[in-house]
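Hello,

Here is the structure I promised to pass on to you. Have a look at it first, and then read on for what turned up in it.

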Amino acid sequence: MKTGIITTNTYLNHDTGQGHPERADRVTVVIDRLKKLKSKNLVWKKPAKFDLKYLQLAHDKDYLNSVKDSFPTQGLNFLDGDTILSPGSKQATNDAVGSIITAIDGVMKKDFRNAFCAVRPPGHHAQKQKAMGFCVYNNVAVGAYYLLEKYKLSKVAIIDFDVHHGNGTQDIFYNNEKVLYISSHQYPYYPGSGAANEKGIKDNVLNVPLNSGTQPHEFLNAYNSIFKKLKKFKPEFILLSAGFDAHKDDPLAQINLESKDFYTLTKRIMILAKQLCDEKIVSILEGGYDLNALKESVDYHVKSLLE
Ligand SMILES: [Zn+2]
């Protein structure tokens, strides 16, 4: 069974400035580690060009225009306190979106069974009309819209296991019954949203807030309610907002997963995907800021996708 790895080197030119946690090394260590797997079943692909109309489904036109005008020709430009653009960000942000499009096409054409996008910047904090938390375009949201529009699916689930709440993704789909948005995250914590009573207008949002200090067994147990909701929704495709910052060594949060727990979590999602949606899963990198923890965790995640 094959797994697509979608990546390209343009992320290297998305410069967030010295000392920024969301830095190019993150993706470099992930790619180096995945290359060491030397698996014949990994299919490496570059993100293809895509129709910008899909970006416009997730974001307001005004916002997209303002981002377009904000890419600097030199130096850095701050969209907010921690979301930064450099000259190379234009191509990198575009390729991050393109990666999930390419991954989806590959799964739908059965070039590979599932896929992981090793890209940056991440996307789940980017709202319809606002950049936030290192995120410019909401990559996973564009992917969900692409499935609805291009492939005419009527039910797409997004599972966001990044340690932060994906407020941007929730914002974009809060009133869209075709998309089930599920997030497990440390709470209360950045970005402030993600309480259990935020359920979406169509009961299409499930937030599973976790206390600081949550242990692996508690984290995995919390997924029982998530799987119940997924079974009821019956998605035709599952997208993963794959952040690895719930790791115990991550400097940006206080949840205590170990690297191997991402194998267990992924495996459990895959078992469900087999029952529900013919195993169709596309995963895209969100957070994860301890380089060693990140590369180990992605290694476990992708090994699980490969099995
Ligand atoms: Zn995060």
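Predicted model: local features only at pLDDT ≥ 70, side-chain atom pairs only at ≥ 80, totals over all residues.

Let's start with the largest pocket, which holds about 390 Å³ of space. Its lining has 18 residues, and those closest to the centre are Leu-52, Leu-55, Lys-68, Asn-94 and Tyr-137. Helix 2 (53-58), helix 3 (61-68) and helix 4 (89-108) each give at least two residues to this lining. Helix 4 has the largest share, with five residues. By class, the lining of the largest pocket is made up of eight nonpolar, five polar and five charged residues.

The second largest pocket has about 160 Å³ of space. Among its 16 lining residues, His-125, Phe-134, His-164, Tyr-190 and Leu-252 lie nearest the centre. Seven of the lining residues are nonpolar, five are polar and four are charged.

Now to a pair of helices. How do helix 8 and helix 9 lie relative to each other? The axes of helix 8 (residues 261-276) and helix 9 (residues 291-306) come within 8 Å and cross at roughly 30°. Angles under 35 degrees count as roughly parallel, and the two helices are therefore roughly parallel to each other. Their crossing is right-handed. On the helix 8 side, Phe-262, Tyr-263, Thr-266, Lys-267 and Met-270 take part in the contact, and they meet Ser-297, Tyr-300, His-301, Lys-303, Ser-304 and Leu-305 of helix 9. Five of these contact residues are nonpolar, four are polar and two are charged.

Enjoy exploring it!

Key:
Residues numbered from 1 in each chain as written. Heavy atoms only, no water. Axes fitted to C-alpha atoms, helices over the stretch in contact; angles between N-to-C directions. Helix = DSSP H or I, 4+ residues; strand = E, 2+ residues; numbered from the N terminus. Parallel < 35°, antiparallel > 145°, perpendicular 65-115°, else oblique. Left-handed = near helix turned anticlockwise from the far one by under 90°. Contact = heavy atoms within 4.5 Å. Nonpolar A, V, L, I, M, F, W, Y, C, P; charged D, E, K, R; others polar. 1 Å grid on protein atoms, 1.4 Å probe; cavity = no way out; pocket = protein on both sides within 12 Å on 5 of 7 lines; lining within 4 Å. Points joined across faces, edges and corners; volume = space filled by probe spheres on them.
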